[in-house]
Amino acid sequence: MAKVAVIGGGIFGATAAVFAARAGHQVTLFEQYDDLLQAASGINQYRLHRGYHYPRSGDTARSAIQAASSFRKEYPDAIIDTGRHLYAIAKEKSLVSGKDFLAFCDAQGLSYNIVSVPEIVNPAMVEFVIEGVESRFDSDLLRIAVKRNLSDAGVEVRLATKATAATVEGYDRVVVAAYASTNSVFSELTGVSDEYQYEVCEKPVVTLPDSFGQTDLVIMDGPFMCVDPLGTGGTYVLGNVVHAIHASNVGQAPNIPDTLKALLNRGIVKNPAVSNFDAFIESGAPYIPALAQAKHVGSMFTVRTVLPRTEKTDARPTLVTKVNDKYIKIFSGKIGNCVMAAEEVVALL
Ligand SMILES: Cc1cc2nc3c(=O)[nH]c(=O)nc-3n(C[C@H](O)[C@H](O)[C@H](O)COP(=O)(O)OP(=O)(O)OC[C@H]3O[C@@H](n4cnc5c(N)ncnc54)[C@H](O)[C@@H]3O)c2cc1C
């Protein structure tokens, strides 16, 4: 049995902590905020991916398909299976043609029906629309499930505690699951850091006309929009490949504009001082005309961290690495992969 510190109370760190404790280790989870799942795990598009979103990266699609059932088994209460999951292929500027998208779905065993273009989509702008079999999750319910699992597994949780080299001195093993802060944690602990691509992202939350119902809609595959219901509360979260990103850099740490620092990881910020909301609507309305009636409730801001120079494939791998005898690093891709990553961590402890 090892004494294990896990740094980062997002879904990847918390799940690894639970699995390590279930395997018999004595585990402490450190989170700098005063609650769990406050950063990327609480602020994202809430899709439990099964692969449809990644026609340019077969590996990402396969890994999402493979991971989905383990996430479902661990967090059944957080998953929302109701609603329609629609993918529309844009007639112009899509990086994947309709033909290639369907061939990709067939090759990955992703079932779909080509459906009539729904009322909310402008038929002039899309080649066709498919309905796939996918789910989303409710991050509030996920947080509740995570806390219950941590408690049941006997993990000691230290909130509002920024872990430093001194914090983890007495531990046999340290698992770092700090996502956007991975380098700042690692460079202090081991002097080692990697290059990542950081994107300071905005997720506007809106109300929409009733015609949207419980529809998750993605315009594929390029500089377009997506819309997903947010939990079951009647609001929606918007995604936009271009306008969601306020700042982007490749390097050792995110470059966060001063104007955005106070907005990060704060949940829904009403009337944020900085917002691309108008650009979201302007660019999305030609495809989804009723977006023009969207009312801005507020926006969420967080930092996305991906491998650099993956624009061509949009790949989102999850990588669990043993850095040395003491340190294990989790670089997280899609949320559904957190259970498989936790199992890999246990094997390395
Ligand atoms: C805009 C956006 C949309 C996305 N959409 C989706 C989606 O629809 N579906 C999907 O599957 N994935 C999506 N993702 C990806 C997914 O959200 C992330 O991969 C995942 O949440 C990362 O989880 P994590 O636990 O690694 O990181 P986080 O949730 O960011 O957790 C890391 C934690 O470490 C803590 N921390 C950092 N340093 C320290 C320290 N020194 N001491 C203590 N604590 C520390 C932080 O406070 C933070 O809570 C999206 C990401 C973004 C940003």
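**Exercise 1.** Leaving aside its neighbours within four places in sequence, which residues is Tyr33 in contact with?

*Solution.* The model is predicted.
Step 1: locate the residue. Tyr33 sits in the loop between strand E2 (26-30) and strand E3 (47-48).
Step 2: list the partners. With neighbours within four places set aside, Tyr33 is in contact with Gln38, Ala39, Leu159, Ala160 and Asn265.
Step 3: look for a polar contact among side chains. The side chains of Tyr33 and Asn265 are joined by one of 3.0 Å.

**Exercise 2.** Decide whether Tyr33 is buried, partly exposed or exposed.

*Solution.* Step 1: take the relative accessible area of Tyr33, which is 28%.
Step 1: apply the cut-offs. Buried means under 20% and exposed means over 50%, with partly exposed in between.
Step 2: conclude. Tyr33 is partly exposed because its relative accessible area is 28%.

**Exercise 3.** Describe how the protein surrounds the ligand.

*Solution.* Step 1: name the nearest residues. The ligand has 34 residues around it, and Glu31, Ser41, Ser332, Gly333 and Ile335 come nearest.
Step 1: sort the shell by residue type. It divides into 15 nonpolar, 13 polar and six charged residues.
Step 2: A ligand nitrogen atom lies 2.9 Å from a polar backbone atom of Ala163. A ligand oxygen atom is 2.7 Å from an N or O atom in the Ser332 side chain. For Gly333, a polar backbone atom is 2.6 Å from an oxygen atom of the ligand.
Step 3: consider the area. The ligand taken alone exposes 1000 Å², and the protein buries 97% of that.
Step 4: name the elements. Helix H1 (11-22), strand E11 (196-207) and strand E16 (295-306) are those that give two or more residues to the shell.

Key
Residues numbered from 1 in each chain as written. Predicted model: local features only at pLDDT ≥ 70, side-chain atom pairs only at ≥ 80, totals over all residues. Heavy atoms only, no water. Helix = DSSP H or I, 4+ residues; strand = E, 2+ residues; numbered from the N terminus. Buried < 20%, exposed > 50% of the residue type's maximum accessible area, 1.4 Å probe, protein only. Contact = heavy atoms within 4.5 Å. Polar contact = N/O pair within 3.5 Å; in protein donor to acceptor, adjacent residues only side chain to side chain. Near = heavy atom within 4 Å. Areas by Shrake-Rupley, 256 points an atom, 1.4 Å probe, with all protein chains shown as cover. Nonpolar A, V, L, I, M, F, W, Y, C, P; charged D, E, K, R; others polar.
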